[in-house]
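Here are my notes for a colleague opening this entry. Please read them with the structure beside you.

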Amino acid sequence: MGVNEHQSQINYEPNSFDGQKENPAAKERGYEVEGEIGHYVTYDNDFYSQPRALYNLISDDERERLIQNIADSLGNVEEDEIKRRQVINFYKVDPDYGQRVANSIGLEIDFDKI
């Protein structure tokens, strides 16, 4: 994970730095082909069950290596708010996962207020 590389070239959204925004005018438009076609969201809002299943599948040793790998990268992020948002995502996967990452980077989060 590259940290602080190309700071002036944020090329994704949403982002925390008022970088580029999607241009709604560039969105594909539907057209008639025995019915209307277009761009449709093909996923649901369940972003956590699949990584939860994987986290629960791996061994304690693998979990420890995973946490350390994340800490080595996420710990270098300067903005605590970005770290907090990412750790909350890990917590939503599994509370143990989020707490261990938070502890490994020295970030205090009141998980009861999530």
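1. Start with aspartate 80. The model is a predicted one, and in it aspartate 80 is partly exposed, at a relative accessible area of 46%. Its salt-bridge partner is lysine 83, with the closest N and O atoms 3.6 Å apart. Lysine 83 counts as buried because its relative accessibility is 9%, under the 20% cut-off. Both residues belong to helix H3 (residues 80–93). They sit 3 residues apart, about one turn of the helix.

2. Next, look at helix H2 (residues 60–74). Aspartate 61 and arginine 65 form a salt bridge there, at 2.2 Å from N to O. They are 4 residues apart, so about one helical turn separates them. An α-helix has 3.6 residues a turn, so residues three or four places apart point the same way. Aspartate 61 is partly exposed, at 48% relative accessibility. Arginine 65 is also partly exposed, with a relative accessible area of 49%.

3. Arginine 100 has a relative accessible area of 23% and is partly exposed. Aspartate 96 is partly exposed too, at 33% relative accessibility. Shared partners join Glu64, Asp96 and Arg100 into one salt-bridge network. The count for the model comes to 6 salt bridges.

4. Check both ends of H4. At its start, a side-chain oxygen of aspartate 94 comes within 2.8 Å of the backbone nitrogen of aspartate 96. Just after H4, glycine 106 has a positive phi of about 70°.

5. Which residues of H4 are buried? Tyr97, Gly98, Val101 and Ala102 are. They lie on the same side of H4, because they cover an arc of only 125° around the axis. What do they pack against? Their packing partners are helix H1 (49–57), H2 and H3.

6. Now the core. In soluble globular proteins, nonpolar side chains tend to be buried together. Here the largest nonpolar core has 18 residues. The members that touch the most others are Ile70, Leu74, Val87, Phe90, Tyr97, Val101 and Ile105. H2, H3 and H4 each supply at least two core residues. H2 gives the most, with 4 residues.

7. Valine 87 deserves a separate look. Setting aside neighbours within four places in sequence, valine 87 contacts Leu74, Gly98, Val101, Ala102, Ile105, Leu107, Ile109 and Phe111. Leu74, Val101 and Ile105 are listed with valine 87 among the core members that touch the most others.

8. Finally, turn to serine 16, in the segment before H1. Is serine 16 buried or partly exposed? At 36% relative accessibility, serine 16 counts as partly exposed. Beyond residues up to four places away in sequence, serine 16 touches Ile82 and Arg85. Its side chain makes a polar contact of 2.3 Å with the side chain of arginine 85. Serine 16 and glutamate 79 are 63 residues apart along the chain, yet their C-alpha atoms are separated by 9.6 Å.

Definitions and conventions:
Residues are numbered from 1 along each chain as its sequence is written. This is a predicted model: local features need pLDDT of at least 70, side-chain atom pairs count only at pLDDT 80 or more; totals for chains, interfaces and linings use all residues. Side-chain values use heavy atoms; hydrogens and water are left out. A salt bridge is a side-chain nitrogen of Lys or Arg within 4 Å of a carboxyl oxygen of Asp or Glu. Buried means under 20% relative accessible area, exposed over 50%, partly exposed in between (1.4 Å probe, protein chains only). A nonpolar core is a set of buried Ala, Val, Leu, Ile, Met, Phe, Trp, Tyr and Cys residues joined through side-chain atoms within 4.5 Å. Contact means heavy atoms within 4.5 Å. The arc is that of the directions from the helix axis to the C-beta atoms. A polar contact is a pair of N or O atoms within 3.5 Å; within protein, one must be able to donate a hydrogen and the other to accept it, and residues adjacent in sequence count only if both atoms are side-chain atoms.
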